[in-house]
Amino acid sequence: MDTHSRKKRHQTENNADAAGPVPEPRPELTGITWQNESGGSGKCFFLADEKATENFGRLLGTLAADGDVYCLSGDLGAGKTLMSKGVCKAVGVEEEDVVSPTFALMNIYNGKVMEVRHFDLYRLDSPEELADIGFYEYVGGEGVSLIEWGDLFQSELPPEYLQVNLTIVPEGRMVELIPFGLRYEAVSKEVLRHVNAGA
Ligand SMILES: Nc1ncnc2c1ncn2[C@@H]1O[C@H](COP(=O)(O)OP(=O)(O)OP(=O)(O)O)[C@@H](O)[C@H]1O
Ligand SMILES: [Mg+2]
């Protein structure tokens, strides 16, 4: 191999784009515990503090694949945006870029690993308004789609997605993962595996 092709090969090996996206390492999982006696239909985890909520999002982000749809539900202030920030971080979105889409209704972030399409449906009243913001074109397309308050429009969601239910409890937050479809059963099993391995 001549010097030129050796140099070229070396450059290619060091080029993250050519080698494919390099996901973030698994986040710190302190403060996240599986609640095996929760009695819910999905897998439930306790999140002891803000960091745990964000890191749970980062774990979801490291597991995300192109086309994934995560629907985040829970009362005002339950942690949907904070968890979404964690997903964004894991796929290489600059932290300061991520804001709640409450007023914009949808934000798109170009993460280094993949795009994030982040919706907040709280202020929307009808499926016509969903169409106006491009919901049907964007959800499930390239990158990962995060839908805050997606439960308000359950009939408009794609047939397969991961439902992420956040609940405020006195000591922190509970999160329940309810998979719709094989892909999301696999994701929630992986989450459980990582949480238990990190405990
Ligand atoms: N595990 C936790 N324990 C205690 N506080 C938490 C935990 N996780 C998040 N919080 C707090 O809860 C709040 C979550 O705010 P966030 O904006 O993420 O909620 P949201 O569900 O997106 O609300 P909205 O419906 O208004 O968009 C923040 O103030 C954060 O500090
Ligand atoms: Mg929010």
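Helices (H or I, at least four residues) and strands (E, at least two) are DSSP runs, numbered from the N terminus. This is a predicted model, in which local features need pLDDT of at least 70 and side-chain atom pairs count only at pLDDT 80 or more, while totals for chains, interfaces and linings use all residues. Residues are numbered from 1 along each chain as its sequence is written, and chains are lettered from A and ligands numbered from 1 in the order in which they are written.

**The whole protein**

Start with everything shown as a cartoon. The protein has seven helices and eight strands. Buried residues make up 38% of its 199 residues. A residue is buried if 20 or more other C-beta atoms lie within 10 Å of its own, exposed if 12 or fewer, and partly exposed in between, with C-beta atoms placed from the backbone. Two residues are in contact if their C-beta atoms, placed from the backbone, lie within 7 Å. Among contacts between residues at least 6 apart in sequence, 63% join residues at least 24 apart.

**The sheet**

Select the strands next. They form an open sheet of eight strands in the order β1-β2-β8-β7-β3-β6-β5-β4, with mixed pairing. β1 and β4 stand at the edges with a single partner strand each, so one side of each has no neighbour in the sheet. From one strand to the next, the twist averages 20 degrees. Two strands pair if DSSP finds at least two bridges between them. Axes are lines fitted to C-alpha atoms, for helices over the stretch in contact, and angles run from 0 to 180 degrees between N-to-C directions.

**The β4 end**

Select residues 106-110 for β4 and 115-120 for β5. These two strands run antiparallel and are joined by five bridges. They form a hairpin with four residues between them. M106 stands opposite F119 in β5.

Is β5 enclosed or open? Five of its six residues are buried, so the rest of the structure largely encloses β5.

F119 has I147 as its bridge partner in β6.

Move on to W149, in the loop between β6 and β7. Although W149 is not a glycine, its phi is positive, at about 65 degrees. W149 counts as partly exposed because it has 19 C-beta neighbours inside 10 Å.

**β3 and β7**

Select residues 161-169 to see β7, which pairs with β3 in the parallel sense over four bridges. C71 stands opposite Q163 in β7.

**Helix α3**

Which strands does α3 touch as it packs on the sheet? They are β1, β2, β3 and β8, and the direction of α3 makes about 140 degrees with that of β2. Select residues 50-63 to show α3, a helix of 14 residues that reaches 20 Å from its first C-alpha to its last, close to the 20 Å expected at 1.5 Å a residue. The expected span of a helix is 1.5 Å times one less than its number of residues.

α3 is mostly covered, with 12 of its 14 residues buried. Among the buried residues are A52, F56, L59 and L63. The buried residues of α3 pack against β1, β2, β3, α4 (80-90), β8 (172-180) and α7 (182-198).

I32 is in strand β1. I32 counts as buried because it has 24 C-beta neighbours inside 10 Å. Leaving aside neighbours within four places in sequence, I32 is in contact with F45, L47, A52, N55, F56 and V195. From I32 to A52 there are 20 residues in sequence and 5.8 Å in space, C-alpha to C-alpha.

V187 is buried because 21 other C-beta atoms lie within 10 Å. Beyond four places in sequence, V187 is in contact with L63, L162 and P179. V187 and L63 are 124 residues apart in sequence, and their C-alpha atoms are 6.8 Å apart.

**Ligand 1**

Finish at ligand 1. How many residues surround ligand 1? There are 18, and the closest are T53, K80, T81, L82 and G172. α3, α4 and β8 are the elements that give two or more residues to this shell. A residue is near a molecule or strand if its C-beta atom, placed from the backbone, lies within 6 Å of it.

The shell divides into five nonpolar, eight polar and five charged residues. Ala, Val, Leu, Ile, Met, Phe, Trp, Tyr, Cys and Pro count as nonpolar, Asp, Glu, Lys and Arg as charged, and the others, Gly among them, as polar.
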